[in-house]
Every structure is written in structure tokens, then in C-alpha cells.
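Dear colleague,

I am passing on the structure we spoke about, and below it you will find my notes on what turned up. Please read them next to the coordinates.

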Amino acid sequence: MRLLVDTHTHTVASAHAYSTLRENAQLAFEKGLEGFVCADHGSGLEFCAPNYILTSALQFIPEMIEGVRLIKGVELNIVDFEGTVDVGEKQLKVLEFVIASIHDEVTPYIVGTVEQNTAAMVNAIRNPYVDVIGHPGNPAIPIDAETLVKETAKQGKMVEVNNHSFEARAGSGENCLNIIKLCKKHDVRITVSSDAHSCYNVGTFQYAIQALEECGYPEELVVSATLERFMGYMKERKR
């Protein structure tokens, strides 16, 4: 399986990442990618850039950088169990792709019970601007995965398989395998991301691909396999 779009990357604007947008684009080009999403964190995470920098400023950057399609996005922080996010509608309107995630570093600290965490993610995926929930396999934030997968399908959106989780979030592998199996069971589309915090990890998908192949997940349901397929998804969402 070969994937040509990376749907979750970060730059120095996320404070805890180490590469510029141009450096990410250059490594994406060198690895043969057709596109990548710049999804810097919303300001709910400490030291991140203000929301107008993470969103509105992207309008002034060309779509093609270093020969690769830049997809302008953001990784929102879910800040309560109602699925409230830390970037407003005015900014979200100008973006192409939106991830919403629970981060246990965000204040107020919201990691709760399985029921509470699931409600937070389900309510977030119902937000008309949100495309996907970030790293849902994180065992530090337990959820009812089938409920989230089924609601994602109902909303016509995607489930993220986050390659970084396999390395950085201990215990994620088993959860991610379970989520992939649920997506296969319910015919739910998947996007695969590196969650790169350095340009050298852009386009790194080996653990996610191994998991998809182990589960026999249909490649035609992987939206990030090609730029054409991913752009088709974005056009569908706009409709």
C-alpha cells in the first residue's frame, strides 16, 4: 500500500514542532508525496501561535509549495465534553481540512470516563467544519470506538489512523487495530497521517500501513491514498 497524502503535520507554529512549512513541503516532495495538510495546533495548547496566524494567515500561502499541494488546515483542541473547540467559525471557514483532538495538556483538563470522552469526540465530529478526530486510538483517552466510528460514518467523514501514535502513545497499536476493524465492518473511510512534528517524519506511515494490511482494510476506502481521491473528499464535504 502506498499513500501519497499526509493529512496531519505540524510546523514551528505549534511550538513543540521543529520544522518550517517549506521544510515540510521539501521533504514531502523528496518522499514522492502529492500533498500534505498543515495542521498546526489551536491556541488551547500552551505557546502555540494565535488562531489568526494558524488560520487566516494561511490564505496568503500558495497552494503549491516545492511541487507539492499544501492543504490548509488546523488541529483543534476539544476543550469540554460537549465537543467545544478552541477556534471559532470565522477562522474555520477559511480552512480546507480540520482535525479535532483531545490533548490532556489542554486546560481545563478534560480527560474523563469512556462515556465522557466518547461524547466529546462525537459532539466534535458533528461540528460541520470538523473532518476527522485526531489520534482516536490514544489509550490515555479511552472511548467507545464503535460509537465514534458509526457517528463518523453518519456524518460522511473519516477516521484517522495516526502513525505517530504507534510510537509515541504506548498501547495505541491494539486500539488502532480495533478501530480499523470497526471501520472495515461499517465501511467507514480512513485517512492515514504521520502527525509529523519534524520534516523528517512527513510521509512516515509504516506502522499504520502494516496495521491496515493486517486487518485487510480495503485500499479503496483510504482517502489519503492519492491527492485526486483526497480532493474528491474535500469537494464532497463542501457540497
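In which loop does Phe47 lie? Phe47 belongs to the loop between strand 2 (35-38) and helix 2 (51-54), where helices (H or I, at least four residues) and strands (E, at least two) are DSSP runs, numbered from the N terminus. Before going further, please note that this is a predicted model, in which local features need pLDDT of at least 70 and side-chain atom pairs count only at pLDDT 80 or more, while totals for chains, interfaces and linings use all residues. Residues are numbered from 1 along each chain as its sequence is written, and side-chain values use heavy atoms, with hydrogens and water left out.

Backbone and loops

Although Phe47 is not a glycine, its phi is positive, at about 75°. Phe47 counts as exposed, with 68% relative accessibility; buried means under 20% relative accessible area, exposed over 50%, and partly exposed in between (1.4 Å probe, protein chains only). Ala15 also has a positive phi in a residue other than glycine, near 75°, and sits in the loop between strand 1 (5-9) and helix 1 (21-30). Ala15 is partly exposed, at a relative accessible area of 38%. Gly216, in the loop between helix 8 (206-215) and helix 9, is partly exposed as well, at 40%, and its C-alpha lies 9.2 Å from that of Ile180, a residue 36 positions apart from Gly216 in sequence.

Pockets and cavity

The terms here were computed on a 1 Å grid over the protein atoms alone: a cavity is a set of points where a 1.4 Å probe fits but cannot get out, a pocket is an open set with protein on both sides within 12 Å along at least five of seven lines, and lining residues have an atom within 4 Å of a point. Grid points are joined across faces, edges and corners, and a volume is the space filled by probe spheres set on the points.

The largest pocket holds about 320 Å³ of space, and of the 20 residues that line it, His16, His41, Leu45, His103 and Glu105 are the closest to its centre. Its lining has five nonpolar, nine polar and six charged residues, where Ala, Val, Leu, Ile, Met, Phe, Trp, Tyr, Cys and Pro count as nonpolar, Asp, Glu, Lys and Arg as charged, and the others, Gly among them, as polar.

The second largest pocket holds about 210 Å³, and its lining divides into seven nonpolar, no polar and five charged residues. Helix 9 gives the most to this lining, with three residues; the lining residues include Phe97, Tyr129, Met234 and Arg237.

There is one cavity of 30 Å³ or more, and the largest cavity has about 40 Å³ of space. His135, Glu160, Asn162 and Cys176 are among the residues lining the largest cavity, and strand 7 (159-162) supplies the largest share, three residues.

Helix packing

Helix 4 (residues 114-125) and helix 5 (residues 145-154) pack at an angle of about 10° with axes 10 Å apart, the axes being lines fitted to C-alpha atoms, for helices over the stretch in contact, and angles running from 0 to 180 degrees between N-to-C directions. Helix 4 and helix 5 are therefore roughly parallel to each other (under 35 degrees; over 145 is roughly antiparallel, 65 to 115 roughly perpendicular and the rest oblique). In this contact (heavy atoms within 4.5 Å), Thr118, Met121, Val122 and Ile125 of helix 4 meet Thr147, Leu148, Glu151 and Thr152 of helix 5.

With best wishes
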